[in-house]
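I opened this notebook to record what I looked up in the structure. The entries follow the order in which I consulted it.

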Amino acid sequence: MSPRRSRFRRRERPDTQLAQSREPASTHAVQIVHAALREDVSVDELARLASADPTFAARTLTAVNSAAFGLRERVSDLTRGATMLGVRGMRNVALGLVVTSLAPPGEQAETFLGGCMRRAVAAKLLAERARVRVSPDDAFVAGMFTDVALLTLVQAHAETAGELARAPAAARVVQERLAGLTPHPARGAELAERWKLSDELVQAIVDHHAPACPEAPLSAIAWGAEQIAAVFEPGAVELNDKRARRSVLEIGVSGHAYDEILALLPEGVNALAAAFEREVPQPEREDLLVDVNQRLVELNQSFLQSLQHMEVLLAEKERLAEDLGEANARLELMARTDSLTGVANRRSMEESLLRDLHRAQRARQPLTLILVDVDHFKQVNDRYGHPVGDSVLVEVAQRLLAGLRRGDVVARCGGEEFAIILPDTGREGAFVAAERMRETLAASPIQCGDIQVSISASFGIATYAAAGPFNQDALMSRADTALYRAKQEGRNRVMIAA
């Protein structure tokens, strides 16, 4: 018997729209959630918000009086119920109503809603027993939200949602990626951010499928709740049980406490579903253990191994894509860089000059272009050979760079000619900089192995006057004319264009 082939296909609708595909039915629930996050909120204010909509008020009272929220007596007055629950309790009721309103009627939505409730109850039970200090109410919210993004798949991607509902919990992230979707932890975090929930809660949603126990306390509880919930969902039950038992030990939950949680979880989920007037699939753990077919267990294990292999392949694909991006960036840099000297090439210089000229015109600031030509460079090549000539050009580029500011540009335009762009620099400042570079080049010979080569260079300066009309070619022509004059008048000098 061979494993069933996956029917996943890529959908045309972008998954970035999924989190917006179904909004909460009642704005009052969202208002209560937002209000409950304020430090100065009062229970009376939350009760008034809940009472504003009679239908919502009735649903809230049903939830408040349910076994899930554990009030000692039945209440008929919403203000009294809110007082007994407190701010966090009212927030949890509202969030529960928000989440349940995301689930349309139907088997798939009920499966995912049951998963949300299972994780909420498991997280609360864990927080009551774990070594890490997390409020059970906060843990409840984190658990309820970890899988909330799966609910948004039901309407937009029904077939994919069906596949995920039948898949082991540990495999869902990989299957979402294979289907071309952003995994539900990332989409759930985006949804929580839109509802202005806390940063700790958003991170817990991101972390609940982490390969190892997260360090943040709320993330650790949500992660542990995910492991426990998987015991009651499709997959190899005994394997999931062993994995969950090991996982909760990492957050300070004993084996005895773990068994307590497993025993209490089904009843807690049923009570929570009743609180929000929904029916969710809730298999008993014992039934899962008795009814599971060993062959199906083996197939599930094989399927998980295949998915893990595919996850490795996906990670390798992503790494190759990252390497390709880096290689493309290096190729782009090479296309803009002179291979000998490491400074910009002529193409890059022309692009920089046009860009900086536009900036100078907008800012009404000057800009100067300097052209540099190494004097008698042909004689260096003829006397010492081209390898020595190349070493000389490399040193010339480094000495030019040493005399410039951050933001200035040095480029090799070809042969022994260089160009320098000085943004926000007028004629006088450019002349001082050029003289300094000229003196640096001529001050000491360039050492090329056992050979010392004395050089000098000629400089031609052209300046764009702030707020004046500009033309890139005209500026380069003026700098070239000034350079030619420097050559004519004896070399090793700086000339400024008229």
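Entry one, the hairpin. I found that β2 and β3 form a hairpin with two residues between them. In its turn, Gly 415 has a positive phi of about 55 degrees. I worked from a predicted model, in which local features need pLDDT of at least 70 and side-chain atom pairs count only at pLDDT 80 or more, while totals for chains, interfaces and linings use all residues. Residues are numbered from 1 along each chain as its sequence is written, and side-chain values use heavy atoms, with hydrogens and water left out. Helices (H or I, at least four residues) and strands (E, at least two) are DSSP runs, numbered from the N terminus.

Entry two, the partners of β3. I noted that strand β2 covers residues 409-414 and is joined to β3 by five bridges, the two running antiparallel. Two strands pair if DSSP finds at least two bridges between them. Within this pairing, Val 410 stands opposite Ile 420 of β3. I then turned to strand β1, residues 367-374, which runs antiparallel to β3 and is joined to it by seven bridges. Here Leu 371 has Ala 419 in β3 as its bridge partner.

How many residues of strand β3 are buried? I recorded six of the seven in residues 417-423, so the strand is mostly covered. Buried means under 20% relative accessible area, exposed over 50%, and partly exposed in between, with a 1.4 Å probe and protein chains only.

I located Ser 247 in helix α14, residues 237-249. Ser 247 is buried, because its relative accessible area is 5%. A polar atom of its side chain lies 2.7 Å from the backbone oxygen of Arg 243. Leaving aside residues up to four places away in sequence, Ser 247 touches Trp 223 and Gln 227; contact means heavy atoms within 4.5 Å.

I looked up Arg 364, which has a positive phi of about 55 degrees although it is not a glycine. Arg 364 is placed in the loop between α18 (346-363) and β1. Asn 492 lies in the loop between α22 (472-488) and β7 (494-496). Asn 492 counts as partly exposed, because its relative accessibility is 28%.

Definitions and conventions: Polar contact = N/O pair within 3.5 Å; in protein donor to acceptor, adjacent residues only side chain to side chain.
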